[in-house]
Every structure is written in C-alpha cells, then in structure tokens.
Amino acid sequence: MGEKKTTTGEGLGFYKEYVAGMMAGLATVAVGHPFDTVKVKLQKHNTDVQGLRYKNGLHCASRILQTEGVKGLYRGATSSFLGMAFESSLMFGIYSQAKLFLRGTLPDDGPQPEIIVPSAMCGGAIISFVLCPTELVKCRMQIQGTDSLVPNFRRYKSPLDCAVQTVKNEGVTGIFRGCSATLLRECAGNAVFFTVYEYLRYHIHSRLEDSKLKDGYLVDMGIGVFTGGLGGIACWSAVLPFDVAKTIIQTSSDKATERNPFKVLSSIHKRAGLKGCYAGLGPTIVRAFPANAAAIVAWEFSMKMLGIKRD
C-alpha cells in the first residue's frame, strides 16, 4: 500500500480510514462467504473421527446446492457481515494509523517491513477479540446444514439464538472459545498479507511511474485485484492450520474439548496426517483471491471517494 499524505492529526482523515475498512469487510463477505461455508464444512467433517465426508470442495459445494440451494452457501452470513464490517474497519484503520505512527518523520523510501509487520500484527491482535465470537457463531451455523453431524434437537434457530445458547450453556468465556487460535491466525496472517500487498503494489507502481497508465482508474483496480488476491493466497497458505484448529475448537459440542491449537493440530495430524491440518485448502485458496481482491479494491476505491489522498 502506498503511503498516505494525511496524518493522524488531519481531522476527518482519521476516521475515514475506518469507514473505508468497513466497506472492504462487506465486500469480502459478499464475495467470499460461499467459499468459507465449504471450507468450514470440510474442516469439520474431514477431520472428524468418523472419517471423511467429502471428496473435495466441489463435492461439498454440490451437496449444499442440491439440498439447500444458494441460501445454504450463505448460512451464517448475518454474523459474518456484522463481524467483518467491524473487524475490517478496525483492521484497516489501526494498520494505517499504526504505520503513520511508526514511520513518524522518516522519508517514504518504499515498503519497510519493520513498520508493516508490527502495524499488521497490532491490528490483527486487536481484531481477533472481535472476530472470535462472531466466527464461533458463524461456524456453528455453517455446520448445521447439509450432512450435518449436529443432532436436530441441538440446532440453532438463528445466529442470535446460537450466541444466546452458547453463553447460557458455556458461560461468557464460551463465546470466546478458540480465541488463542484466532489470535495466532490474525497476527501471522495479516503480517503476511500486508507485506505481500505492500511490496507488490509498490513495485508495480514503480514500473508504471512514467507510463500514461499510471493514473487510470481501471489500472488502479487491476493492481488492487492482483495485489490483494496474491496477498490473500499468501496469507491463507501460511495460516490455514491455525484456522483448522480454530474450527475444531469452536464447533466441538464437548465443553472440555482441548483448546490449545498446537495440541489440536497434533491430534489432527495423528488422525488425518498433514492433509487434515490443511483441510479446506482448495476452497480457501479459491476464495482467497477474489475475496481479498474485492476487499482491497473496495478499500482503495472508498479511500479515493472519501478524499484520502495517497501516493
């Protein structure tokens, strides 16, 4: 991401970052939620002790469409829209402001990992506490559909019912089950994402410095799609095992289930091998490019519309 010409003290630019981030979150869910539903089902079913349930992501998606229609692919989307809107608003806003703070008065000499990585990890750490409860609700709703292992009498009527029943049965800490796995995923994942995004964007724009295409809207959108998409693939390739552990921890019906993500992954590895630790890799990678591309395009476009000038 190119450096902005605004600073934290320049009035409206401060909160506009958060508004732009919210738009990025909404775009991410709109494009990526169906893939996420398939990913969660694969992670739940294909690591279960009862054995494999789906051959691959396409098999899982076709089963959902056959039995539930398109609506089934968006199961749990309500909590996801709410969570991602708030989470992305915080993530992009905190990341941008942290970069400005850490950079201080230093000259803009291109991407600096000593600034990008801690800024991204700071944002990731904070949003993990927002994401954990919303993703717990999302995941529990997603596994209730096609070929569900959840008994009918224990199914939730809505995301709100899921949240209420979880707190009622497991206490307030129950809604934050899987927080450590979420923290690890978000800190590492965002560091990888923004590092790849920043470097790719910087070098592409450097190549176009003297080109007539430099300021074209379609060119900017194309760069956003490319850099955001590749950043998303790099991110999820790096942190998918933590996401698998999080899904298992959050969807388990056993209150005493292991919550240490490393011990959960060790158990999965013994039971299903390395493939089990990367359950849902196909739909995750397929989702990563368009979902993160949509997020970056929405974010950059919103920044431009809100009048935040960038290099």
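The following dialogue sets values against definitions.

Mentor: This is a predicted model, in which local features need pLDDT of at least 70, side-chain atom pairs count only at pLDDT 80 or more, and totals for chains, interfaces and linings use all residues. Residues are numbered from 1 along each chain as its sequence is written, and side-chain values use heavy atoms, with hydrogens and water left out.

Trainee: Why are helix 7 and helix 8 called roughly antiparallel?
Mentor: Helix 7 (residues 179–207) and helix 8 pack at an angle of about 165°, with their axes 8 Å apart. Angles from 0 to 180 degrees are taken between N-to-C directions, and the axes are lines fitted to C-alpha atoms, for helices over the stretch in contact. Angles over 145 degrees count as roughly antiparallel, under 35 as roughly parallel, 65 to 115 as roughly perpendicular and the rest as oblique. Helix 7 and helix 8 are therefore roughly antiparallel to each other.

Trainee: Why does methionine 305 count as exposed?
Mentor: Methionine 305 lies in helix 10. Exposed means over 50% relative accessible area, buried under 20%, and partly exposed in between (1.4 Å probe, protein chains only). Methionine 305 has 55% relative accessibility and therefore counts as exposed.

Trainee: What share of the chain's 311 residues counts as buried?
Mentor: Of these residues, 52% count as buried.

Technical notes
Helices (H or I, at least four residues) and strands (E, at least two) are DSSP runs, numbered from the N terminus.
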